[in-house]
Amino acid sequence: MSDTKIGTTGVQSTPKGRRPGVRTLGLGSDDAVRVVRLVKAGFPYSRLAKLQKATGMPWEKIARFVAISPRTLTRRQTEGRLRADESDRVLRASRIFEMTVDLFEGETAAATQWLQMPQPGLGGEVPIEFASTDVGARELENLIVRLEHGVFV
């Protein structure tokens, strides 16, 4: 992972040793027990809004990234809270976003663009869509780690 840097849009990359995903969502601590409790309780809708703002992606793309329909997102916004499974997917998307920002050395705009473009390492799939399932997200994370280490196959 990279050192802490400010990207072109002001989003800081994840410091070494820090659990990816928690900074973008404003969770404050990366203590695993605390994070699990927050996920189980369901994030406030504002956490998802932080992810959307950090990525700069339109809401329809965020909806695909976190695998929550736009209609459900509207309901959750009204209710003010996400469910546990939705919160887990938001944390996963945030983790992937931060890993990608690190890959692009803090360049948020480049990371966001990469996440929305077909990638040969994913068989031509678009990362934000590929990551909508757990198995896809894990494979995307593996690809990002390989790319960080210069392994392109």
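**Figure 1. Helix 2 gives the largest share of the lining of the largest pocket, five residues.** Welcome to this predicted model; let's start at an opening among its helices. Helix 2 is joined by helix 6, and each of the two supplies at least two residues of the lining. The space in the largest pocket comes to about 200 Å³. Ten residues line this pocket, and the closest to its centre are V35, V36, V39, D88 and L91. What classes of residue make up the lining? Six are nonpolar and four are charged, with no polar residues.

**Figure 2. A closer look at V36, a residue of helix 2.** Is V36 buried, partly exposed or exposed? Its relative accessible area is 44%, so V36 counts as partly exposed, the class between 20% and 50%.

**Figure 3. The largest nonpolar core brings together 37 residues.** Look for F43, L48, L51, V90, I96, L115 and L140, which have the most contacts inside this core. Two or more core residues come from each of helix 1 (22-25), helix 2 (32-41), helix 3 (45-55), helix 4 (59-65), helix 6 (84-103), helix 7 (108-115) and helix 9 (134-148). Which helix gives the most? That is helix 6, with eight residues. A general idea is handy here: in soluble globular proteins, nonpolar side chains tend to be buried together.

**Figure 4. L51 and the residues around it.** Leaving aside residues up to four places away in sequence, L51 touches T24, L25, I62, V66, V90, A93, S94 and F97. L51 is also among the residues with the most contacts inside the largest nonpolar core.

**Figure 5. The buried residues of helix 7.** T108, A111, T112, W114 and L115 are buried in this helix. Why do they lie on the same side of helix 7? They do so because they cover an arc of only 160 degrees around the axis. As a reminder, an α-helix has 3.6 residues a turn, so residues three or four places apart point the same way. The buried residues of helix 7 pack against helix 3, helix 6, helix 8 (127-130) and helix 9.

**Figure 6. The whole chain, with nine helices and zero strands.** Of the 153 residues in the chain, 43% are buried. Among contacts with a separation of 6 or more, 55% are between residues 24 or more positions apart.

Terms used: Residues numbered from 1 in each chain as written. Predicted model: local features only at pLDDT ≥ 70, side-chain atom pairs only at ≥ 80, totals over all residues. Heavy atoms only, no water. Core = buried A, V, L, I, M, F, W, Y, C linked by side-chain atoms within 4.5 Å. Buried < 20%, exposed > 50% of the residue type's maximum accessible area, 1.4 Å probe, protein only. Helix = DSSP H or I, 4+ residues; strand = E, 2+ residues; numbered from the N terminus. Contact = heavy atoms within 4.5 Å. Arc of directions from axis to C-beta. 1 Å grid on protein atoms, 1.4 Å probe; cavity = no way out; pocket = protein on both sides within 12 Å on 5 of 7 lines; lining within 4 Å. Points joined across faces, edges and corners; volume = space filled by probe spheres on them. Nonpolar A, V, L, I, M, F, W, Y, C, P; charged D, E, K, R; others polar.
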